Amino acid sequence: MKLRQWLNGLRVLLFGDITGDFKQSTSSRNSIGKYGESLALHYMRRLGWRLVNKNVRIGFDELDLLLISPDEEVMAIVEVKTTTILNNSPLRMLTKQKRIKMLRVAKKLRSIARMHRCTLRVDLIAITIQDQEPHIEHYEGIIPIPKPRILSSFIVFSAIMTSCWTLIDNGFR
């Protein structure tokens with residue numbers, strides 16, 4: 001009971017009076033987001049997942065958490081959405097633009113996951129901060145990651161092999 005009171009006091013210090021109506025400034029939204037990311041990371045660590053990195057920028061895109069499963073067979077890109085609004089659908093919080101960015105990041109990380117013999121998936125952790133305890137929902141594999149095009153890889157391989165045979169035929173001149 002004392003821990004819950006301490007956490008509620010900390011939440012009030014960080015975010016203001018969360019039981020009443022208050023205007024969310026950018027800094028308060030950022031602090032709610034950071035708080036949500038720390039809750040999500042704690043939740044995943046309790047399940048045995050290991051953190052690879054957090055708040056990673058890849059080009060213009062950013063991912064919240066990059067995690068490895070306990071059996072080291074799955075690498076997950078985790079987007080964390082935190083809200084203080086009850087009955088707000090977590091999937092509605094994930095905009096089309098954000099999904100496009102997450103898919104772009106997944107395509108860039110796909111080869112790294114394959115190199116480590118992991119499957120890659122994109123997860124969403126939705127956190128609703130309520131009066132008593134935060135409510136955490138974990139959605140696995142929310143965005144399907146297309147496999148790389150074999151045809152384009154075959155074309156590149158064919159071009160390389162053609163160049164090699166040309167060098168051999170010409171005696172490496």
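1. Basis. Residues are numbered from 1 along each chain as its sequence is written. In this predicted model, local features need pLDDT of at least 70 and side-chain atom pairs count only at pLDDT 80 or more, while totals for chains, interfaces and linings use all residues; side-chain values use heavy atoms, with hydrogens and water left out.

2. Confidence. The protein chain has an average pLDDT (the predictor's confidence in each residue, from 0 to 100) of 78, and 67% of the residues score at least 70. Residues 17-26 have pLDDT below 50, and this stretch makes 10 contacts (heavy atoms within 4.5 Å) in the model beyond near neighbours in sequence.

3. Strands S1 and S2. Strands here are DSSP runs of E with at least two residues, numbered from the N terminus. S1 (residues 50-58) pairs with S2 in the antiparallel sense over 7 bridges; two strands pair if DSSP finds at least two bridges between them. Arg57 has Glu62 in S2 as its bridge partner. The hairpin of S1 and S2 has 2 residues between the strands, and Gly59 in this hairpin takes a positive phi near 65°.

4. Strands S2 and S3. These strands run antiparallel and are joined by 4 bridges. Leu67 stands opposite Ala76 in S3. In their hairpin, with 5 residues between the strands, Glu72 takes a positive phi near 60°. S2 is largely enclosed by the rest of the structure, because 7 of its 8 residues are buried (under 20% relative accessible area, with a 1.4 Å probe and protein chains only).

5. Asp64. This residue lies in S2, which spans residues 61-68. Asp64 is buried but has no salt bridge, meaning a side-chain nitrogen of Lys or Arg within 4 Å of a carboxyl oxygen of Asp or Glu. The nearest side chain of opposite charge is that of Lys98, 5.4 Å away. A polar atom of the Asp64 side chain lies 2.8 Å from the backbone nitrogen of Val80.

6. Thr83. This residue is in S3 (residues 74-83). Thr83 counts as buried because its relative accessibility is 7%. Leaving out residues up to four places away in sequence, Thr83 touches Asn88, Met93, Ile127, Thr128 and Ile129. Gly36 is 47 residues from Thr83 in sequence, and the two are 8.5 Å apart in space, C-alpha to C-alpha.

Conventions:
Buried means under 20% relative accessible area, exposed over 50%, partly exposed in between (1.4 Å probe, protein chains only). Lys and Arg count as positive and Asp and Glu as negative; His and the chain ends are not counted. A polar contact is a pair of N or O atoms within 3.5 Å; within protein, one must be able to donate a hydrogen and the other to accept it, and residues adjacent in sequence count only if both atoms are side-chain atoms.
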